[in-house]
Amino acid sequence: MGNFDIKIEKFLKAFIDNGGYHNVLTGLKNTMEIAIIGLLIGIVIGTLIASIRVLPKYRTLPRVLDKICSFYVAIFRGTPMVVQLLVFYYVLMPLMGIKIDGLNVAITVFGLNSGAYVSEIMRGGILSVDPGQLEGGRSVGMSYATTMFKIVIPQAIKNILPTLGNEFITLVKETSIVSFVGAMDLYKVFNDIGTNNYEFMVPYLVMAVIYIVIVCLITLGIKFMERRLRKSDRRS
């Protein structure tokens, strides 16, 4: 136990005495910012793609759009997130002459990646809604787009809420790779603390606990929203 006490003492000195907690707070903020904004971007992109992919394919334009969306989904689902980050930061940005910091690159890539996964989740949710809902909206004179976004998609979101929660959790955990493009997240902060002290055991254990707490809080939040939605369904 004496050896472990020394490890804890080194960590506390770096965390409190040397102001390491400031970096931890920054890393936590960046981690949540990347995951939350990435998910919101993913929901917008995923909803648009899912809406396009469930369009009737009677005309040329819907078929062309469907092929483009399928290609987009295949690219982002077929390559690891870290590869997407590296290609975007070290290949595409220099080629286009764009300068963006690592945090914004991470948010962009996480959003684009999430959009591919959310599109499949949303498509399943849309298909799970009774087709009569779409037909009913169309029968009262609403356009296809209006019916989808005012009637079908709100019901689909209720059906896929737990899966969206899982996607959010996945994004939070995936943020541990953003240090590859120079962004500061929880992993980078605790790794730096371990590197400075030549002691990684306690920093990594604390980091694991923080991730577990975040995931538990997200899970509780999703369950709370599910209960609220079930109550509103019963009242209606």
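I count a disulfide as a pair of cysteine sulfur atoms within 2.5 Å. With that cut-off I searched the whole structure and got zero disulfides.

Housekeeping before I go on. This is a predicted model, so I take local features only at pLDDT of at least 70 and side-chain atom pairs only at pLDDT 80 or more, while totals for chains, interfaces and linings use all residues. Residues are numbered from 1 along each chain as its sequence is written, and side-chain values use heavy atoms, with hydrogens and water left out.

**Cysteines.** I looked up accessibility for two of them, with a 1.4 Å probe and protein chains only: buried is under 20% relative accessible area, exposed is over 50%, and partly exposed is in between. Cys69 comes out at 8%, so I log Cys69 as buried. Cys216 has 42% relative accessibility and therefore goes down as partly exposed.

**α4 against α5.** My helices are DSSP runs (H or I, at least four residues), numbered from the N terminus. Axes are lines fitted to C-alpha atoms over the stretch in contact, with angles from 0 to 180 degrees between N-to-C directions. For α4 (residues 81–96) and α5 (residues 102–128), I get axes that come within 10 Å and cross at roughly 125°. I call angles under 35 degrees roughly parallel, over 145 roughly antiparallel, 65 to 115 roughly perpendicular and the rest oblique. So α4 and α5 are oblique to each other.

Contact here is heavy atoms within 4.5 Å. On the α4 side I noted, among others, Phe88, Tyr89 and Met93, and on the α5 side Val105, Val109 and Phe110 are among the residues they meet. By class, this contact has nine nonpolar, four polar and no charged residues. My classes: Ala, Val, Leu, Ile, Met, Phe, Trp, Tyr, Cys and Pro are nonpolar, Asp, Glu, Lys and Arg charged, and the others, Gly among them, polar.

**α3 against α5.** Helix α3 (residues 60–78) packs on α5 at about 115°, with the axes 9 Å apart. That pair is therefore roughly perpendicular. I have the crossing of α3 and α5 as left-handed. From α3, Tyr72, Val73, Phe76 and Arg77 meet a set in α5 including Leu112, Tyr117 and Glu120. The class count for α3 with α5 is six nonpolar, three polar and two charged residues.

**Asn30.** I found Asn30 in helix α2 (residues 20–53). Its relative accessibility is 8%, so Asn30 counts as buried. Leaving aside neighbours within four places in sequence, I see Asn30 in contact with Leu103 and Met184.

How values were computed. Helix = DSSP H or I, 4+ residues; strand = E, 2+ residues; numbered from the N terminus. Left-handed = near helix turned anticlockwise from the far one by under 90°.
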